[in-house]
Amino acid sequence: MAVTGPDIKEIRALREQLTEETTVTPVVRCAAIEGVVGGDTQVIAKLEFLQRTGTFKARGALATLHSLTEAELKQGVTAVSAGNHAIAVAYAARTLGTSAKVVMVSSANPSRIESCRAFGGEVVLAENVHEAFALAERIQREEGRYFVHPFEGRSVALGTGTVGLEICEQIDDFDALIVPIGGGGLIGGIANAVKQLRPDCDIIGVEPEGADSMHRSREAGEPRPIEQVTTIADSLGAPFAMPYSFELTQQHVDRLTLVSDDELRRTMGFLFRAMKLAVEPACVASTAALLGPLRDDLRGKRVVLVMCGSNIDWDTFERQAIFDDGID
């Protein structure tokens with residue numbers, strides 16, 4: 001499949017269009033992480049979990065809805081999500097004056113379901129992610145709602161490309177960029193933008209071991225599904241890769257790495273202890289990769305971490321995080 005990602009001029013134009021609807025999230029120097037990695041490594045985090053709705057997902061959802069015709073908007077939208085995308089679609093629908101009927105898995109965190117409803121979204125529950133996609137397709141067919149994909153398509157890459165644009169504008173120079181991977185919409189869009197502005201940057205994607213669809217797809221040379229998602233990082237639990245995001249990843253992402261759930265749990269505890277950040281497992285994946293499989297390789301480099309989401313309640317955080325993390 002021949003794919004061309006959005007041009008940087010188009011990404012800039014979208015960023016301007018979304019000025020009142022999104023936040024330019026800050027970047028911070030992470031001395032605590034640098035102290036663990038050592039070797040004069042410089043670590044800068046892009047705090048995208050401070051975005052509207054608590055994750056980067058608002059960018060892609062808004063970009064998609066802005067691309068719709070007046071007639072399509074009038075019919076409303078639907079989506080599938082473990083939580084973050086549903087919240088973002090509900091927010092985008094409210095912002096653009098339409099309705100959202102979203103399908104969420106029944107195991108979704110209750111706080112995410114309530115957040116979605118707080119933005120005006122109608123929530124329908126499904127037993128698992130495969131059933132959720134089938135149900136959303138039925139809603140689309142029967143009600144005429146536009147399906148807002150959680151990670152696939154040009155509009156998603158256009159929206160997430162604004163994260164890459166901001167990183168390049170906020171940070172003068174960097175050697176490596178580490179980005180979590182679910183379905184590939186975030187890393188595909190970021191990498192497409194960054195490679196246009198910093199072509200020599202080493203872009204590295206991180207997947208949890210229990211949701212490694214992009215690893216399997218790269219090995220096969222084409223998008224592949226996984227039989228089951230088995231990770232605490234449910235926001236990264238895409239059951240399959242898809243052509244557009246896969247091709248952008250193939251073109252612009254230099255390499256991939258994996259982290260275990262134990263590494264995610266320990267990194268959650270470490271970031272809380274060292275930086276007072278209580279964030280979801282998906283958000284710590286980039287840090288876990290730097291502190292784990294990438295530590296020796298990136299020591300002495302200037303590294304940017306994308307921290308992507310914070311939609312987690314304290315009870316879940318306390319249950320998942322390992323506070324005696326052993327990271328030093």
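A residue counts as buried under 20% relative accessible area, as exposed over 50%, and as partly exposed in between (1.4 Å probe, protein chains only). Keep that scale at hand for the tour.

This is a predicted model, in which local features need pLDDT of at least 70 and side-chain atom pairs count only at pLDDT 80 or more, while totals for chains, interfaces and linings use all residues. Residues are numbered from 1 along each chain as its sequence is written, and side-chain values use heavy atoms, with hydrogens and water left out.

**Stop 1: the whole chain**

Along the principal axes, the C-alpha atoms fill a box of roughly 60 × 45 × 40 Å.

Now colour by burial. Of the 328 residues, 60% are buried. Contacts (heavy atoms within 4.5 Å) come next. Among those between residues at least 6 apart in sequence, 75% join residues at least 24 apart.

**Stop 2: glutamate 34**

Select glutamate 34. Its place is in helix H2, residues 31–37. Is glutamate 34 buried or exposed? Glutamate 34 is buried, because its relative accessible area is 14%. Show its surroundings. Beyond residues up to four places away in sequence, glutamate 34 touches Arg29, Thr41, Gln42 and Val43. Zoom in on valine 43: the glutamate 34 side chain reaches the backbone nitrogen there at 2.8 Å.

**Stop 3: threonine 23**

Go back along the chain to threonine 23. This residue lies in the loop between helix H1 (8–17) and strand E1 (27–29). With a relative accessible area of 26%, threonine 23 is partly exposed. Which residues does threonine 23 contact, leaving aside neighbours within four places in sequence? They are Gln51, Arg52, Arg59 and Glu166.

Pick out arginine 52. Its side chain and that of threonine 23 are joined by a polar contact of 3.1 Å. Such a contact is a pair of N or O atoms within 3.5 Å; within protein, one must be able to donate a hydrogen and the other to accept it, and residues adjacent in sequence count only if both atoms are side-chain atoms.

Finish at alanine 58. It is 35 residues from threonine 23 along the chain, with 9.8 Å between their C-alpha atoms.

Key:
Helices (H or I, at least four residues) and strands (E, at least two) are DSSP runs, numbered from the N terminus.
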